[in-house]
Amino acid sequence: MKIFVCIKQVPDTETKIKIGPDASSIDTNGIKWVINPYDEYAIEEAVKYREANAGTQVFALSVGPNKRVSESLRTALAMGADEGIVVNAPENIDSYSTARALAEVIKAEGGADLIFTGKLAIDDNASSVSQMVAEFLGMPHATVVSKFSMSPEGVTVERDIEGGAKEVLGLKAPAVVGANKGLNTPRYASLPGIMKAKKKILKEIEFASLNIPATDTKVKYTQLSLPAEKPAVKMIAGDSSAQVAELVKLLRDEAKVL
Amino acid sequence: MSKVFVFAEHKNGALKRGAMELLQAAAKSGNTVVGMAVGTGADKAAAEMGHHGATEVHILKDASLDAYNSELYAAAVASVLEKVQPQILLASATSTGRDLFPRIAARMKTGIASDCTELNISGDNVTAKKPMYSGKAFANVAFENSPLKIVLMRANQLPVAAADGSKTATVIEQTLAKPDLKTLVKEIVKGTSEKLDLTEANIIVSGGRGLKEAGNFKLLNDLADVLGATVGASRAVVDAGWVSHGMQVGQTGKTVAPTLYIAVGVSGAIQHLAGMSGSKVIVAINNDPNAPIFQKATYGIVGDLFDVVPKLTEEFKKVLKH
């Protein structure tokens, strides 16, 4: 059985964002790149499955600038993935082209029995790639998944929907599963894991060598801006009763939100 | 004139606010507004859609569409899109919208702008603005090579005027050609609260580590009940297991944009501030005057939340009665 895990590299959540000189991307100087947090649940679930089911192979797959994306793939290999594949592509290609590249590579590698992704990437919050990969490969999908199991009958997942409700779905394999927090606790890459990862295969594929026309970009992010500065906070003094009365008055008469 | 297609979500025929926002924005653009609603109550929703600006509404009343199924919905929406051939598609960035429309975009070989907070329609051209890095920056989204431009808007971002009962839409009933399904919805487990999801809520009361223990969320639930608010939480208390992840606000939780955000005992890690910074008015209640949350707040109270919050609940009760 072959499991593919699609991962994206994103700026660490502590990063203070600065706009780059072209105003269409961020200033990447000094940014610490990490695996998208939701993708860590995807890697963990795949590795856990492999550990419980002999004969399973886990491929970690990422699209982006080879030099830095490879670091995240090495981390995925250190967490237990068997092989890495990097599609060397320019920064910031859109979800559509990314999904096409992922689908093409998975097809070229002989197809998948199961694909894991994160439910979304915390940089553009688009939550598009899993569903698009599923569509391109003719597979069913489930996103925001916090429970997963697989049997010969297929995949069963629990996904979080609105207002704390949950949905239990049965999917015929092969399927695409978008991981949410709560699915598992991702392991840290251990030192022996990191040593082993150095010897594992990390294959490089040029985006340009895939059969995807350059004109396939569908959306572009332009004119990045920072959020407007908020006016200084109005601190409310007095004892708690006075504070509460003043706050409610301000919310009603000044902010007009009540 | 271009056609703007609006996929409207409803609850037993009552339109969600997000759907009204989209219909009215589409009508304001001067384009023809074609709507779609599915499931039991779709006919009732269609009548309401007319009042909000749709001139034509396609409905699929099939009860199998009452529960969201990605494959079934994709087939239904794609079949209607083929008939209508719109240039623009608007839907809400809800749990359903976010799961479904990327799949539609891939099927139609077209572009999608997800999780947008601003929308500009001019003829068949559309641009949108969306938060990046959970609100640490914003980007304009422009479409290229997209025969159909799909925009998923967050709720509560666009104005809604009162329904105009004199306007009606032509209702066209469609039938569903069911594909062979590889996806089966086995069970839906209802949430503990019937409140709006954080991403749709107009008022959010959010709790952090300052609450000291899980049981003290009752203070926030009481406050939220008075305000008709949804309760959120910081990552620290979600990781501690006090509340479920669905309640987490922040960069690895939900990015929210309510009118009023009340942060109680939340210190304000950069990830949390990013997730809530789209809120119009922010109230922070914390006993630490140096807590970073005060840098983002509109109004700040330094005090003991166990003293302040119950009093606040009582004060709101008094004021909101009038």
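# Close-up views of a two-chain predicted model

View 1. Residues are numbered from 1 along each chain as its sequence is written, chains are lettered from A and ligands numbered from 1 in the order in which they are written, and side-chain values use heavy atoms, with hydrogens and water left out. The C-alpha trace of chain A spans about 70 × 45 × 40 Å along its principal axes. Of the 258 residues in chain A, 57% are buried, where buried means under 20% relative accessible area, exposed over 50% and partly exposed in between (1.4 Å probe, protein chains only). Among the contacts in chain A with a separation of 6 or more, 73% come from residues 24 or more positions apart; a contact here means heavy atoms within 4.5 Å.

**View 2. The open sheet of chain B.** Seven strands line up in the order β7-β11-β6-β1-β4-β5-β12 in chain B, with parallel pairing; two strands pair if DSSP finds at least two bridges between them. At the edges sit β7 (111-116) and β12 (170-173) of chain B, each pairing on one side only. Neighbouring strands of this sheet are turned by 20 degrees against each other on average, direction ignored. Helix α3 (residues 70-84) of chain B packs on the sheet, where it touches β1, β4 (32-38), β5 (56-60) and β6 of chain B, and its direction makes about 160 degrees with that of β1(B). For such values, axes are lines fitted to C-alpha atoms, for helices over the stretch in contact, and angles run from 0 to 180 degrees between N-to-C directions.

**View 3. Strand β6 of chain B and its neighbours.** Look for β1 (residues 3-7) of chain B, which runs parallel to β6 (residues 88-92) of chain B and is joined to it by three bridges. Phe5(B) stands opposite Leu89(B) of β6(B), and Val4(B) has Ile88(B) as its bridge partner. Five bridges link β6(B) in the parallel sense to β11 (residues 149-153) of chain B, with Met153(B) of β11(B) as the bridge partner of Ser92(B). How many of the five residues of β6(B) are buried? Five of the five are, so β6(B) is largely enclosed by the rest of the structure. Ile88(B), Leu90(B) and Ser92(B) are buried on one side, and Leu89(B) and Ala91(B) are buried on the other.

**View 4. Helix α4 of chain A against helix α4 of chain B.** Here α4 (residues 129-137) of chain A packs with α4 (residues 95-108) of chain B at an angle of about 45 degrees, the axes being 8 Å apart. The two helices, α4(A) and α4(B), are therefore oblique to each other; angles under 35 degrees count as roughly parallel, over 145 as roughly antiparallel, 65 to 115 as roughly perpendicular and the rest as oblique. Residues in the contact include Met132(A) and Phe136(A) from α4(A), and Pro102(B) and Arg103(B) from α4(B). By class, the contact of α4(A) with α4(B) has six nonpolar, one polar and five charged residues; Ala, Val, Leu, Ile, Met, Phe, Trp, Tyr, Cys and Pro count as nonpolar, Asp, Glu, Lys and Arg as charged, and the others, Gly among them, as polar.

**View 5. Helix α6 of chain A against helix α9 of chain B.** The axes of α6 (residues 240-254) of chain A and α9 (residues 305-321) of chain B come within 9 Å and cross at roughly 45 degrees. The crossing of α6(A) with α9(B) is right-handed. Among the residues that meet are Leu247(A) and Leu251(A) in α6(A), and Leu312(B) and Phe316(B) in α9(B). This contact of α6(A) with α9(B) divides into nine nonpolar, three polar and four charged residues.

**View 6. Thr110(B) in its loop.** Thr110(B) is placed in the loop between α4 and β7 of chain B. At 0% relative accessibility, Thr110(B) counts as buried. Its contacts, not counting residues up to four places away in sequence, include Tyr96(A), Lys218(A) and Ile150(B).

Notes. Predicted model: local features only at pLDDT ≥ 70, side-chain atom pairs only at ≥ 80, totals over all residues. Helix = DSSP H or I, 4+ residues; strand = E, 2+ residues; numbered from the N terminus. Left-handed = near helix turned anticlockwise from the far one by under 90°.
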